[in-house]
Structures are given as structure tokens and as C-alpha cells.
Amino acid sequence: MDLLPLGDCGVVAVLGGEADEATLGRVRELAAEIAATRAPGILDIVPAYARVTVVYDPARFAGSGTRPFQTVCQLITWCAARVEARSAEPRGHGGGVREVEIPVCYGGEFGPDLQEVAQLCSLAPEEIIGRHSSAHYRVHAIGFVPGFPYLGGLPPSLHAPRRSTPRSSVPAGSVGIGGAQTGIYPFETPGGWRLIGRTPLKIFRPRETPPGLLRAGDRVRFRAIDAKEFAAWS
Amino acid sequence: MELKVMRPGMLTTVQDLGRPGMRAEGIPAGGAMDAPALRIANLLVGNEECAAGLEVTLVGPEIEFAAETLIAFGGAEFESIPNWRPFRMRAGERLHMGPAVRGCRGYMAVAGGIAVETVLGGRGTHLQAGIGGLEGRALRAGDVLPTPQASRKVIGRWHLDERILPEYGDSPVVRIVRGAHERELGNALLTESFTVTNQSDRMGIRLEAAAPMRSAEPAALSGAVLPGSIQLPPDGQPIVLMADAQTLGGYPLIGHVIGPDLALLAQVRAGDKVTFREVSLDEAHALALARDKAIGLLRHGLAEKFA
């Protein structure tokens, strides 16, 4: 594990070179372990891809002879050791990973780029839907805008570049493909991913805690629904 | 008690010191762009530093006060509005702010704070997600903001020692610590001066170099970015991320503005010149601690000055 400074109030713990299954599990567990310490002066913990970034308030650590960056690094190292020790136990890894199913109505007005993606991938639209809704995904990170999940696990046959000109407005719930990732727009926002469908689920609910339906590390499946079922959800 | 927005100004939002702890949800902390200005203005009316006030941008609003109200301004300077000292508005009186004469963002603290609803741990407005503040948006004419404890009184005569304030200016020297890509990119960031463009906003201060800087390939995987992170997109023109910036980024990071100097960037306008100077992480932390101690002393000094 490498520990790098991110400016004067962040430490990045690098757990691997890529966001593979094992690394994502360790990222999720390290983030949870650091959160569980409830250490004062730790403002934010951001699991994303193969890294956990810890945001700290230097004024809470400085003075009294301690150096803030080093203190936070020690905390992360201690937490990482606890995660490692636990993973050595039987049934250590993988506990508590959530599985979330997302209903999606593909194509038509909900997926205006489905035909285009089919052409780019040299597949029939039905094959795009079939492959997209049968793959197993994992949330690599939440970002871009609040609540936007970046999902890894998109079959290579569905990889499609972003639009050269982003849309000025993408409807909430739109499911898109951006390169090797797929994702869901949590609310209406500009966006450049190719839209293949829409979910009736509200994936960002600012009045609830937590506000996001998904968290980094969650497993995700998509289930194809028709317009009638979409309407029934809304 | 309440205050009424007669004219909203260019971009006026309710802001506090942000909602930390939400970056894993993709939600930036947000809050006042010039946090020390809001903290100090709040202390000058007897508030907690984190109380919600108004952030006004370049052209201020016109506000009517329903009842006698103690307020204080900090940050950008507006003609005929006293900065950095508490003063009283009478019931029914209107405050017309007009354009800023120096700086970009002014802060109006109101005794007792502005009692908008807390959303996800903060009262600040995050415009992109439409949360916080008043209905998650900038203020409009006719808006009414609740100010439940506005009639506080100042005890005795005193004034702020202005040495506590950030060293504002229209060509600030902004201190940075190194980024992960510094070696590949050379030291152009430290030798050139940069012009602030009019594309700058609460998400980022966009700078223009005389000649575009040489950028590196975007990272294979996006990573967390923070206010102060300096991104270099492929066009070679750096962006300093600010309070409402997105939480993840894939562009090379060529440096990071230190926390205490974000206030200086909150006050620059299009056309202003910015230069950067490197400090060590230890120096950056010493400066953060010094700022915090100074504001702590002010808080202590003002503890018995209000009734």
C-alpha cells in the first residue's frame, strides 16, 4: 500500500494498479475500517477504484509536536493491518457486500442512443440489451455529480466512446455507456455518455441518509423492464 | 423575524462552512468559497463560525429587514457598506449593496444565522444538485429568509484587528504544495503568471497561461480531487478546483493550493493575475494552524461582547 499526499489535507492510499475484484473488496473494507475509528479531524473518506482518499483537517492535528500527514498515514496503516488480519480469518472477505437490482427500460425515448451503440458495437439492439442486463457489475466509485455510480464490469463487446458533444441535459435515471464503464444519471444534468435506457428508481434522494442508493463496492445487476412496468414504478 | 430579497444581485446563495463527510456519495463539501471571511463575519455578530449567511457575487442584492437586525460583512468590499464590523439595520430598512468595488465574493452574516433547513448536514446551497440553501437555488426577488434571533446587541466599543484577514489582492501570490505529476510537467506553474478567465465559478477558478502548458495523459483511473487541486486538462490551461467542484477527476494534478489560500482565489475576478509559490507540507500545515488559532483568539475575545 502506497500512501501519497493529496494537497495539504488529503492522503491517498493506493491499494493496487487496477480496480479488480480483490482490490475493490479491500478498498471497501479499508474505507469502512477508517470510518469506524471516528477519529476527530478526519473529515471525509472516499473509496474510488483502487484507492481510498482520506481528507483531514490539518489544524486538528498540527501543534502538539505531531505532523498531520504522518499521523493520518499511521492511522490508515493501522486500519489496513486490521483489515488484513481479518481477511486471514475464515469467512473474512466479502461479507456484507450488497447486491442491488436496477430495473431499466431500454431503448425508445428512454434510451435514445441504443441504435447508435448497437451500430458502434456491431450488434443488434436486442443483443446490447441482453448483454447489458445479464452482466455482473460492481460500483467502482460515486462521483461526476452527487450520486452518480461508475460501474465496472461492462462486457468489452459493449464498450463505446462518449459522445463527441455532450448533451446539455440528460434526464434523471438515464443509464449510459462511457467507454469501458456504465453508469446512471442521478438527476437531470449535462452529460456525454451514450444513453441506452432509463431506470424508474430514484438513485439520489437528498432527504434520506445515505442519500445515494448505491455505494462504492456494491454489486449491481440490471433487469430489463417494459414501458408499462416503468410507468408502474413511477 | 426575516429578511426579504427585493433584488437578488448577480448570484446570491445561502452558504455555511459546508457539509463534510459526503464525498463518498459524490457530494463536495461546498460552503463559503472564502471560508475565513464567513467565519469572521459570523463572529462579528456573535454567531458560531459555521452559521449560515449570504454569499454575494460581484453585484450584491437589495434586502429589506422586517425587524431590527444585527449584521456584518466580510470578504469583497461594496461601496457604502462597512466591512468587518457589526452594524444595525432598523425594522423596514433596506440595504442596497450594488457592485463590488474590490474582490468577488462578499459575505453577510446575520445575528443568529439564516435558519434554512439543514440538508445532508449542511445549510449551504449546492446549485448543481439543487440541495441546501433556499430550495437548492440562487436567491430570487421576493424570497424570504428566516432569521429567528436577529436582534442581538453589541456591548462596548471595539474593532477587528485586520491583521487576521487573508492578504487579499487582484494579483495574489497563491501558495501550493506539489502534485503527483509535478516532475513530468516541469516548473511552468511556478515561473509564469496566469490570468483568471470569466469561466470561473464556484466549481473552479479557470486560468489562462500565456502559452498552454504541456499536459500529460489522463490517469487510467479517476481519483479523488479536493478544493485546491490544480487540474491540467488536455488544452493546457489549468483549473483550480473550488468548493463545489466534483469529487473525482482524471486529469493530471500539477499542484494543490493550500487551504488557507483558497480565500485569495475566492476573491479574484476575470482578468486578475495569479502567481504560485511552492511551500512544504509542513509550512502549509503551520499556516492552517496559525489561521485557525487567530480565528480562535477572535472567538475568545468576542465571547462577552454581545447581549
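Predicted model: local features only at pLDDT ≥ 70, side-chain atom pairs only at ≥ 80, totals over all residues.
1. Two strands are taken to pair if DSSP finds at least two bridges between them.

2. On confidence, the predictor assigns the complex an ipTM of 0.94 and a pTM of 0.94. The average pLDDT of chain B is 94, and 97% of the residues of chain B score at least 70.

3. The overall dimensions of chain B deserve a remark. A compact globule of 307 residues would have a radius of gyration near 19 Å, and the value for chain B is 19 Å, so the two agree. Along the principal axes, the C-alpha atoms of chain B occupy a box of roughly 60 × 35 × 35 Å. Buried residues make up 52% of the 307 in chain B. Among contacts in chain B with a separation of 6 or more, 77% are between residues 24 or more positions apart.

4. Chain B contains five helices and 18 strands. Seven of the strands of chain B close into a barrel, in the order 10-17-14-15-12-11-18, with mixed pairing. From one strand to the next, the twist averages 40°. Strands 11 and 12 are neighbours in that order: strand 11 (residues 193-196) of chain B pairs with strand 12 (residues 204-208) of chain B in the antiparallel sense, over two bridges. Thr195(B) has Glu208(B), in strand 12 of chain B, as its bridge partner.

5. Strand 1 (residues 2-7) of chain B has two pairings to note. With strand 9 (residues 144-146) of chain B, strand 1 pairs in the antiparallel sense over three bridges, and Leu3(B) has Leu145(B) of strand 9 as its bridge partner. With strand 4 (residues 62-65) of chain B, strand 1 of chain B also pairs in the antiparallel sense, over four bridges. Here Lys4(B) stands opposite Glu64(B) of strand 4.

6. Lys153(B) lies in the loop between strand 9 and strand 10 (173-177) of chain B. This residue has 13 other C-beta atoms within 10 Å and is therefore partly exposed, given that a residue counts as exposed at 12 or fewer and as buried at 20 or more. Although Lys153(B) and Lys305(B) are 152 residues apart in sequence, their C-alpha atoms are 8.5 Å apart in space. Leaving aside residues up to four places away in sequence, Lys153(B) touches Phe306(B) and Ala307(B).

7. The interface between the chains brings 35 residues of chain B into contact with 41 residues of chain A. On the chain B side, strand 13 (223-224) and helix 5 (281-301) are the elements that give two or more residues. Helix 5 of chain B gives the most, with eight residues. By class, the side of chain B that touches chain A comprises 19 nonpolar, 12 polar and four charged residues.

Note on methods
Residues numbered from 1 in each chain as written. Chains lettered and ligands numbered in written order. Axes fitted to C-alpha atoms, helices over the stretch in contact; angles between N-to-C directions. Rg over C-alpha atoms; globule rule 2.2 N^0.38 Å. Contact = placed C-beta atoms within 7 Å. pLDDT = per-residue confidence, 0-100. Nonpolar A, V, L, I, M, F, W, Y, C, P; charged D, E, K, R; others polar.
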